[in-house]
Amino acid sequence: MPARTARPRRLRAGLAQLVFMLVGLCAGLAVPMISWGPRLPSAPVTHALVTIGIGLLGAVTLIFSLLFLVVQWVMSTFTPRLMLFRDDPFVWRTFGFALGLVVFCMAAAFAVGRSPEVSAAVPVLAMLELLVLVALLRALQLRAFAAIQLAPALGTIADHGRTVLTTLYTEHRHDSPPLPPVRSTVVWRQPPVVLQRVETAELIVAATAANVTIVLRQNPGATLHHGSHVADVHGGELAEARVLGSLVVGAERTFEQDPLLAFRLLADIALRALSPAVNDPATAVQAFDELADLLGWVAEAPLGPLRVTDDAGVDRLVVHLPGWEEFLRTSVDDIAFVARSPMVVIGLRDSLRRVRDRATPEHVELLDRWLARLDHQVTRL
């Protein structure tokens, strides 16, 4: 069984829209059949339904326009890897609700047909759905405005990063006896892809059944190249397909289990702000604030591999995660290489000083080396 390919977001969005349209179709055919309650002449109701249905196509166009404009703005202003608005389920659910309302209006107008009267529930329900759509469109516009503003974008990235770090670096961590010898190695034999997610529960079940321990050598967010060593199987035999079948891969990194993605995005935004074409050191310093907070969290956290046990307390899955040096390198190396503005160098140094105040003793040495470099750079400005 090969590794799973993440279901494309456009496919998930299409399924959601299909569900909305099916619900709209069923409601549009069923509601006009209501025989109780007040009744209205069918002709004006039909005209109103057709008018609303056709007019709602403008709402669909508005959603697509917002999506296109926001994605283009974010890619050119922040980083092409930041796709929070594109991937926001609220966008596609609002689009699906608008399509469902169009289908409801057209189906209801068809169901009314030549009947002289129709239940008042039909126009009432259409108007209520229209009011809901207006509220959704307003919320969508507010999200779009937030997506193109610097502070909300930086805060959202940092929030995603903290969520991933809290999950990966605080759970299932314990001392463990040495692992049994390696019996086999799982190798990636396909074109390059990004490891997006590890189905932990499935790997635990497979490892428990085979009485083995699986050590993943690639963490989520890594690119799997042809010939890459993906995992080692300790203490027994386990089919390579069982391990690969529990990995979800795709074309781009996601926030689901990737501990470095938030650091990479924040560093990218700072680097773009420092490029000669933009030359916006204040934006870079603002990105440092969020980077420093995330780095401070890592600096005081118990780093190490993620160990997951079975019900008997036996290690069944070990996932090697990025260490302190990798976090610091992702966050600081590229920025320090291009930093020339006094505001940027001093801002980066002050950010790392705040990180040092929170760091555990084993993380201080590397920070001190970086701070010494930045102090020297400040004296030369």
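Q: How many residues does helix α10 have, and how far does it reach?
A: Helix α10 covers residues 261-274, so to speak 14 residues, and reaches 20 Å from its first C-alpha to its last, close to the 20 Å expected at 1.5 Å a residue. Helices here are DSSP runs (H or I, at least four residues) and strands are E runs of at least two, numbered from the N terminus; the expected span is 1.5 Å times one less than the number of residues. This is a predicted model, where local features need pLDDT of at least 70, side-chain atom pairs count only at pLDDT 80 or more, and totals for chains, interfaces and linings use all residues. Residues are numbered from 1 along each chain as its sequence is written, and side-chain values use heavy atoms, with hydrogens and water left out.

Q: Is α10 mostly covered or mostly open?
A: Mostly covered: 12 of its 14 residues are buried, including Arg264 and Asp268. Buried means under 20% relative accessible area, exposed over 50%, partly exposed in between (1.4 Å probe, protein chains only).

Q: OK, salt bridges. How many are there?
A: The structure holds 26, each a side-chain nitrogen of Lys or Arg within 4 Å of a carboxyl oxygen of Asp or Glu.

Q: What does arginine 358 pair with?
A: Glutamate 300, at 2.9 Å, N to O. That pair links distant parts of the chain, 58 residues apart: arginine 358 is in helix α13, and glutamate 300 is in the loop between α11 (281-299) and β10 (306-309). Arginine 358 is partly exposed because its relative accessible area is 29%, and glutamate 300 is partly exposed at 41%. Salt bridges that share partners join Asp159, Arg162, Asp293, Glu300 and Arg358 into one network.

Q: And aspartate 315 with arginine 307, buried or exposed?
A: Both are buried, and their side chains meet in a salt bridge at 3.4 Å, N to O.

Q: Last topic: how many disulfides?
A: 0, with a disulfide being a pair of cysteine sulfur atoms within 2.5 Å. For cysteine 26, the nearest cysteine sulfur is that of cysteine 105, 15 Å away. Cysteine 26 counts as exposed at 53% relative accessibility, while cysteine 105 counts as buried at 0%.
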